[in-house]
Amino acid sequence: MQADQDRSIRSLLDTERRYRDIFQGVDMALCLVDLVDIKQALLREGIFNPEQLDRWLLENPERHGELLERIQFLEANQVALALLGLPNVAAIERLFRGERHLRTGGGRYRLLLALINGDERFEVETPLRLPDGSTLYVWVVMRLPESAEALHAVPMSVTDLSQRRATELALRQSREFWAEVVRSVPDLIYIRDTKWMGAGDFLFSNRTLAEMLGYSAEEEASMGADYRNRLLHPDDLEYMQINRRLQLALGDEQILEWRVRWRHRDAGWRWFSIRSKVFKRGPDGRVVQVIGFVRDIHEQTLASEQVQRSEARYRQLTESISDIVWSTNSDFRTDYISPSVKRLLGYSPKFMLSKSYVESLADQRFVEFLEQIRAELRDQVHVPERAAALREQGYQRQITFDGIKADGRKCPLEVRITLMWSAQGRFLGLLGLARDVSEQRRTENRLRMAATVFENTTGGIVVTDPAGYIVQVNENFSRITGFDADEVIDQLPAILTSQAHEPAFYRAIVDAVHQQGHWEGEVWLRRRSGEVYPSWAGITAVHDNDGDLVSYVCFFVDISERKASEERIQSLAYYDVLTGLANRTLFQDRLKAALQLAARRDEWVAVLFLDLDRFKPINDSLGHAAGDHVLKEVAQRLCACVRESDTVARMGGDEFTMLLSGLADRDVALSTAMHVAEKVLHALAGAVVLQGRDFFVSASIGIALYPQDGAESSVLLKNADTAMYHAKGAGKATFQFYQSGMNAKALERLALENDLRRAVQDQAFELDYQPQFSCHSGQLTGAEALLRWRHPERGVVSPAEFIPIAEELGLIRTLGEWVLNEACRQVADWRDRGLYLPRLAVNLSAMQFDDGALSVQIASVLEHYNLAPEALELELTESILLRNIDETMRTLEEFKQRGMQIAIDDFGTGYSALNYLRDFPIDTLKIDRGFIQAMHPGSRDALLAQAIVAMGRSLQLRVIAEGIETEEQYQLVSSFGCDEVQGYHLGRPVAAQEFERRWLQLGA
């Protein structure tokens, strides 16, 4: 029994020894820890969960050490002692107990939690403060048995983590360092996935683009994920997309760079540079990721553009100035010559940079000059101390020599040379400026000629000393003023002044010369004879190089002839050349001024508008010279009817106006205007003698009053003109005051004018035909074509109403051409149907007759309708024939040569002598209806008609009496031997169809 017991003991001892050998021999730091007391203490304190532990620790801070003393270290192997650098287990126990305060979350705290929670394994990384003051990071591991009794010897392994911690710390520090470096870089660095290139494909970015653009994180979030595109300049959006696609084709070492503009929050559009290269490729070689750098280059771009602009400006300045700019490098070799050398000397810059230019351009003096500069500077500019002194002192050299132009001519050149230095003080080369001094040499010659010019100039020159006394005059001074030089030397210029100017005028001249150094203007001077004349003078103060006053120089010319020319021009601009009266422009200016003055003074103004009656027949019959004489005579009579303060003007043609101003009130204005109008009518009643005969003109006068009839000058004139037309319509030789209803009639006339224009355009006219019969046989001898206008609303408009308007509007020529064509067409139509009309008379207007191609036009119409010339008779009034005798004779001869017949219409109403009947190639006389209608047996009109018939027959002319309305008139003219008659008694004017039915068929 005892033997068994001994064997068991030995076996236990052997087992213990083996485990101890293993405990001590294993290459791991091991300790045995007794945790029974600590477990029991936790149970005694009622701590069964973490909350209770935390509450106990908080409530019992003084007992933390008491609780830690319950942890007992039983044993530690040598590895543990060596690792911890401790001599024994007791030291290990003190080390692990450490501070007597339990820190929440610490290693000892977590061991207590493991015991409370019944964890099977406890492991923790914790730092240990060793006795030498160093810190050892260890990894502690325990396997906690389920049984509380087994807690008396719990193995604990301790692993040294210091090396790993140091490695991790180094890696972390390195990572933090480079991360800080990347964050500190001002550029934006990013890594981007190329798969989608969307807003969220940035794998890394040291900062956001929004941050670079000055936006806060909140503003960036509010802008949305695509803000990079929305903040991009619209012009750069497509360019950005193109470069993003180009990244997919980059080589491994290739860098893609482009510039775009993004909108900064506060600074507007800014330039950015983007550089991108491949960061990672996929297994198939495609670009998967790119790394990019975004840099703000706005200031750099602006600076670069400014440098480029500055360089362009300086280059343009260099190339545009007339002087030659040239430079050398630091070795004194010429490296630039401005293009102005081509304009100045004829050589190209390229040629001038060649070695042969010296022989072609310069003389030996310039070559030696450059060589001296090189020798002088070669040993100085490359030695820093001597170069600095040279730069501080400055360096300039100058030479003048004769260069030779490309065309072989000499050109005097002045060359100035200075040195160019860099900002760091390094010598860059020579800078030269070559200038053509030909003008300077010519100036010297001009100075030598100045004395000659002084004496021979066309103007007078006076030189005074600073005190104003005359010291010198030229020869022309004496010629203009009449003073000899001896008479004015040492005299003040006041002997030349006149009394035409106030003293203030001369004081202003003196002030201008003192303040500005010169004065120029018009001044009236006095000759030696006392005659006052206008001159243009200039006074200049002359100073020396120090700015001291040396003298005054006065130059003056006699402008008497120019002033006379200006007065003539003024007269032409504001006065009528023929009558000397104010013209339309001057009258309107005076009228405006009179209205402004009347408005201030509360006065009245009267405007009279005159149009001469019976002037046109005189002008047409006797010619323009006679008409001009009448106009001048009328102007004189009108001026005699008004005050000197009033204005009489010729507005044009035979229209005159009068301006009566300063009228106190309406009654005065009415009486004054009426009185002047009556005086005008009386003054014009007297005869005007022309070509030894008396002629009479009168005037129709319209009167408008301010402010009654208008406040504006244009309105007042228009209303006076309207009143004048009403006076003319009232029988002429009278006057009418403007009334508001007159404008309605004027509008009616305007409407009639518009209707007439439209009628001419639409050819809305008709021709009626009035028959002509033989007094002897009663047979039809011809007809007269009469123009008719049947208006759809107005009805039949009388020719007496619309023909004058057509003449005024210039429509009469078009109307006459239509009448001629239509009449010939109708005659041709009758002829083609076998109906015979012996002769058709057509009236011609003065405007048609003045057309130099009238005979050609009529012949063309006759040819077009295949009519014989004698089938057409052209009727003209006496006034038309007698306007220009020579031209009339030429036109009538052309008519006769073409076989056409010519009739004088309204014979007896003209102003001419009767000898034209003998000279003009006339076929027919038509006695004016005015004689016929007042005719009865034995009357004066009957005797006149009989005389006209007798005169016509004696000249072998056909005589037609028109306006026959009674049998008595018919019998009388027949008894006179009249050839033909025309009038209502025999046949009224009718339409072509009715004329054909009544007379042509019968005649057939």
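Which residue of strand 29 is the bridge partner of Leu767? The bridge partner is Leu787. The structure is a predicted model, in which local features need pLDDT of at least 70 and side-chain atom pairs count only at pLDDT 80 or more, whereas totals for chains, interfaces and linings use all residues. Residues are numbered from 1 along each chain as its sequence is written, and side-chain values use heavy atoms, with hydrogens and water left out.

The chain has 40 helices and 37 strands; helices (H or I, at least four residues) and strands (E, at least two) are DSSP runs, numbered from the N terminus. Of the 1004 residues in the chain, 42% are buried. Here buried means under 20% relative accessible area, exposed means over 50%, and partly exposed lies in between (1.4 Å probe, protein chains only). Contacts (heavy atoms within 4.5 Å) were considered between residues at least 6 apart in sequence, and 57% of these join residues at least 24 apart.

Strand 28 (residues 766–774) is largely enclosed by the rest of the structure, because eight of its nine residues are buried. Two strands are taken to pair if DSSP finds at least two bridges between them. Strand 28 pairs with strand 29 (residues 780–791) in the antiparallel sense, over eight bridges. The hairpin of strand 28 and strand 29 has five residues between the strands, and within this hairpin Gly778 takes a positive phi near 75°. Strand 28 also pairs with strand 37 (residues 990–991), again in the antiparallel sense, over two bridges; Tyr769 has Val990 of strand 37 as its bridge partner. Two bridges likewise join strand 28 to strand 36 (residues 980–982), and these strands run antiparallel. In strand 36, Val981 stands opposite Phe773.

Arg788 belongs to strand 29. With a relative accessibility of 17%, Arg788 counts as buried. When residues up to four places away in sequence are not counted, Arg788 touches Phe765, Glu766, Asp768, Pro799 and Pro989.

A further group of five strands forms an open sheet in the order 7-6-10-9-8, with antiparallel pairing. Strand 7 (202–205) and strand 8 (256–264) stand at the edges with a single partner strand each, so one side of each is left without a neighbour in the sheet. From one strand to the next, the twist averages 25°; axes are lines fitted to C-alpha atoms, for helices over the stretch in contact, and angles run from 0 to 180 degrees between N-to-C directions. Strand 6 (residues 188–193) is joined to strand 7 by three bridges, and the two run antiparallel. Ile191 stands opposite Phe204 of strand 7. Helix 12 (residues 237–246) packs on the sheet and touches strand 6, strand 8 and strand 9 (268–281). The direction of helix 12 makes about 145° with that of strand 8.

The axes of helix 3 (residues 50–59) and helix 7 (residues 107–117) come within 10 Å and cross at roughly 135°. That angle makes helix 3 oblique to helix 7, on a scale where angles under 35 degrees count as roughly parallel, over 145 as roughly antiparallel, 65 to 115 as roughly perpendicular and the rest as oblique. The crossing of helix 3 past helix 7 is right-handed; a crossing is right-handed if the near helix is turned clockwise from the far one by less than a right angle, and left-handed if anticlockwise. Helix 3 contributes Pro50, Leu53, Asp54 and Leu57 to the contact, and helix 7 contributes Tyr109, Leu112, Leu113, Ile116 and Asn117. These residues divide into seven nonpolar, one polar and one charged, where Ala, Val, Leu, Ile, Met, Phe, Trp, Tyr, Cys and Pro count as nonpolar, Asp, Glu, Lys and Arg as charged, and the others, Gly among them, as polar.

Some backbone features remain. Tyr706 and Pro707 are joined by a cis peptide bond with omega of about 5°. Pro707 lies in the loop between strand 26 (698–706) and helix 28 (713–729). Asn866 is not a glycine, yet has a positive phi of about 55°. Asn866 is found in the loop between helix 33 (854–864) and strand 32 (872–877) and is exposed, with a relative accessible area of 58%. Asp906, also a residue other than glycine, has a positive phi near 55°. Asp906 is located in strand 33 (residues 901–907) and counts as partly exposed at 27% relative accessibility.
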